[in-house]
Amino acid sequence: KLITKSLEWSLMNITIPYDEFRVWKLLIAPKLTNLNETAEEIIEYAVTEILNNAQDHSDGNKVNISISQDKHDLSITIGDDGVGIFKHIMAHLHFEQALDAAIELSKGKLTTQPERHSGEGLFFTLQAVDRLTICANAHCLELTDSQATFNVAEEISGTKVTVQLRKTMNHSLEAVFNAFCHVNEDEIPIFDQTVFRLQLAQTEGHLISRSQAKRVMNGMERFAIVEVDFTGVDNIGQGFADEMFRVWQSFHKDTVIKATYANEKVKKLISRVTAHH
């Protein structure tokens, strides 16, 4: 839900480079009220990750931070004046559409600087907060537990990222990490599971073709388990289903694909295309 009765602060023109922890500790944390320990841990993680991304990837010169909160909810927006995140990803991965960049961004493990970043921060931020909105290059990506949308928006300078959460969170940051990691023989947690909200790919139309399935599954071999969340998707085409659940799977046997929240029609189609697998 949107915050209706709120107190707002704007922290203008923080110059890049900066120490993201000090920005959090000195400028943001003192403004926040009535957060339980879990919510404070999550919002600190989210804000410092976003600030770090803006500094390292935006090619901008400054960030602007605004805080809105009421008794129950908190929203923090961090904007930079850089190139824009979707344009940045499109250039790096040679994509032609901003939607392809948004799809790739939502999967996890995407980074344009692998020597400095793991590509995990934004993914875990999404899983931890109630709502994540990323606006850049005349588009807005909005992600929650149950919804994924990518819409045309007003052109802005750079990237604007908004995180929103309840001030009394029940799940811990550790629980979020544990849901997508397993501990290896050296007792080190490995990020090897992702969830993709298929509704996002539906932005460009019905999910019919093999090419659409290929875009969805691009890079998914990085994971041991891929959960495809069918929330908001009423139907898919035979070619789409066959490409994802039979063809792609036949080339990537080390990755398990799980279809969740699919309706009966979709379940039957998936069963049919995998029957001869």
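## Helices H7 and H8

Helix H7, residues 210–217, packs with helix H8, residues 238–251, at an angle of about 45°, their axes lying 7 Å apart; helices are DSSP runs of H or I with at least four residues, strands are runs of E with at least two, and both are numbered from the N terminus. Axes are lines fitted to C-alpha atoms, for helices over the stretch in contact, and angles run from 0 to 180 degrees between N-to-C directions. H7 and H8 are therefore oblique to each other, given that angles under 35 degrees count as roughly parallel, over 145 as roughly antiparallel, 65 to 115 as roughly perpendicular and the rest as oblique. The crossing of H7 and H8 is right-handed, a crossing being right-handed if the near helix is turned clockwise from the far one by less than a right angle, and left-handed if anticlockwise.

On the H7 side, Arg210, Gln212, Ala213, Lys214, Val216 and Met217 meet Gly239, Phe240, Asp242, Glu243, Met244, Val247 and Trp248 of H8, where contact means heavy atoms within 4.5 Å. By class, the contact of H7 with H8 holds 7 nonpolar, 2 polar and 4 charged residues; Ala, Val, Leu, Ile, Met, Phe, Trp, Tyr, Cys and Pro count as nonpolar, Asp, Glu, Lys and Arg as charged, and the others, Gly among them, as polar.

## Basis of the model

This is a predicted model, in which local features need pLDDT of at least 70 and side-chain atom pairs count only at pLDDT 80 or more, while totals for chains, interfaces and linings use all residues. Residues are numbered from 1 along each chain as its sequence is written, and side-chain values use heavy atoms, with hydrogens and water left out.

## Helices H2 and H5

Helix H2 (residues 37–57) and helix H5 (residues 121–128) pack at an angle of about 145° with their axes 10 Å apart, and H2 passes H5 in a left-handed crossing. Ile42, Tyr45, Ala46 and Glu49 of H2 make this contact with Gly121, Phe124, Thr125 and Ala128 of H5, and by class the contact has 5 nonpolar, 2 polar and 1 charged residues.

## The parallel sheet

Three strands form an open sheet in the order E10-E11-E12, with parallel pairing; two strands pair if DSSP finds at least two bridges between them. Strand E10 (193–197) and strand E12 (256–260) stand at the edges, each with a single partner strand, so one side of each has no neighbour in the sheet. From one strand to the next, the twist averages 20°. E10 is joined to strand E11 (residues 225–229) by 5 bridges, and the bridge partner of Phe196 in E11 is Val228.

## The disulfide

Cys135 and Cys140 form a disulfide with their sulfur atoms 1.9 Å apart, the term applying to a pair of cysteine sulfur atoms within 2.5 Å. The link of Cys135 and Cys140 is right-handed, with 110° about the S-S bond.
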